[in-house]
Amino acid sequence: MANTTISELATTVCNLPRCAIDASVWSWANAYKVSITIFALNQLGILRSLTREALTSSQLAVRFSVSEELIVPLLDLLCSVQILQRNADQFVASSSLEAVLPLVAMEAHVSATHLTAAQIVNVLQTGAPADIFQKSDVQQYVPVFTAAMRSSARTLAPHLVRFAGLTRCRKLLDLGGADGSLACAVQRMVPNLSITVIDLPRMAPAFAQNDGNQPESGIQFHAGDLRDPESLRDQFHDTDVIVLSNALHLLTTAHRSALFEVIRRSSPAAARLLVYDQFIEEGPLDATHFMSVDWIVNGVAFRESADSYAATLAGAGFVDVHTRRFSGLPGALLSARV
Ligand SMILES: C[S@@+](CC[C@H](N)C(=O)[O-])C[C@H]1O[C@@H](n2cnc3c(N)ncnc32)[C@H](O)[C@@H]1O
């Protein structure tokens, strides 16, 4: 079982002859069962435990009060896709998995109510985006979302600080900066940096609840809408660095162009723009390709590669445009001067 591929699993477990089905469609249609197994074992705390120590199924059964007989096939399934490893009768996960678990919890929440086939059908037929912040369970979603933002901010911040030389900067604008997680992580490394987080008004309560944003911290929140960049014009006047992290894909092409036009027109000549996102590269399938479904549900067809978007920024008049990838991060960083 340990080396069985999903394709083989679908064929053997369901006992259907290969010729009777399209193995690829059947495999992918069933692949969500890997996702929900990951979500369930994360919810139980089993994945976190296995990043810290190797445990047998009977130890897991006792520690997490679950049926040993029923948990073993799920552990084996995750071994077959190399999320877990099995050594004799012990299961273990790579310690690097732990940093991703808050993002996994967010996916579990999002897939339960938001990223559904019904939402995709609706957005395709009507063009109307689905907004997870309008859902009735938003109060449960916000802490899961902010925990995920904190974990990705911890990984991104050191690269931003080093690559963009932020220690020499005075003022940073974080567009779509959510609850200020990235701002806090950056400011811990550059304490004298003054940071303004711009996000929709609905993010203000989450910002206020973030312990890193004490009034004396030098991080402030400005409620604004990136789709109306003229209203943000004054924010750009005295800034050294403008960060747009994981938010480009939420804006339509027209909104992106309008935002970058205002940034160029309103920022000081030496100001630097840093755009981090999960650009979609040609080549073998990877996790970023799955993100295009999130973006469609948000009503945006974001299909840019890092290089194509660098060319777009250069075409819009930005200079000194570079792209950079960092190990351990799924996305790419674009850096440009206005
Ligand atoms: C995926 S989160 C990224 C958060 C953070 N920048 C990071 O990289 O972890 C996207 C953020 O953009 C914000 N956002 C989405 N549309 C926006 C808009 N039109 N104006 C301002 N903020 C927006 C969302 O509220 C959310 O906080």
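Q: What makes two strands a pair here?
A: Two strands pair if DSSP finds at least two bridges between them. Strands themselves are DSSP runs of E with at least two residues, and helices are runs of H or I with at least four, both numbered from the N terminus. This is a predicted model, where local features need pLDDT of at least 70, side-chain atom pairs count only at pLDDT 80 or more, and totals for chains, interfaces and linings use all residues. Residues are numbered from 1 along each chain as its sequence is written.

Q: How do you know that strand 1 and strand 3 pair, and in which sense?
A: Strand 1 and strand 3 (residues 90-92) share two bridges, in the antiparallel sense. The cut-off is at least two bridges, so they count as a pair. Across this pairing, L55 faces F91 in strand 3.

Q: Which order do the strands of the antiparallel open sheet follow?
A: The three strands run in the order 1-3-2. Strand 1 (55-56) and strand 2 (85-87) are the edge strands, each pairing on one side only.

Q: Why are strand 6 and strand 9 at the edges?
A: The open sheet of seven strands has the order 6-5-4-7-8-10-9, with mixed pairing. Strand 6 (219-223) and strand 9 (319-325) each have a single partner strand, so one side of each lacks a neighbour in the sheet.

Q: What makes strand 4 and strand 5 a pair?
A: Strand 4 (residues 171-175) and strand 5 (residues 194-199) are joined in the parallel sense by five bridges. Within this pairing, L172 sits opposite I195 in strand 5.
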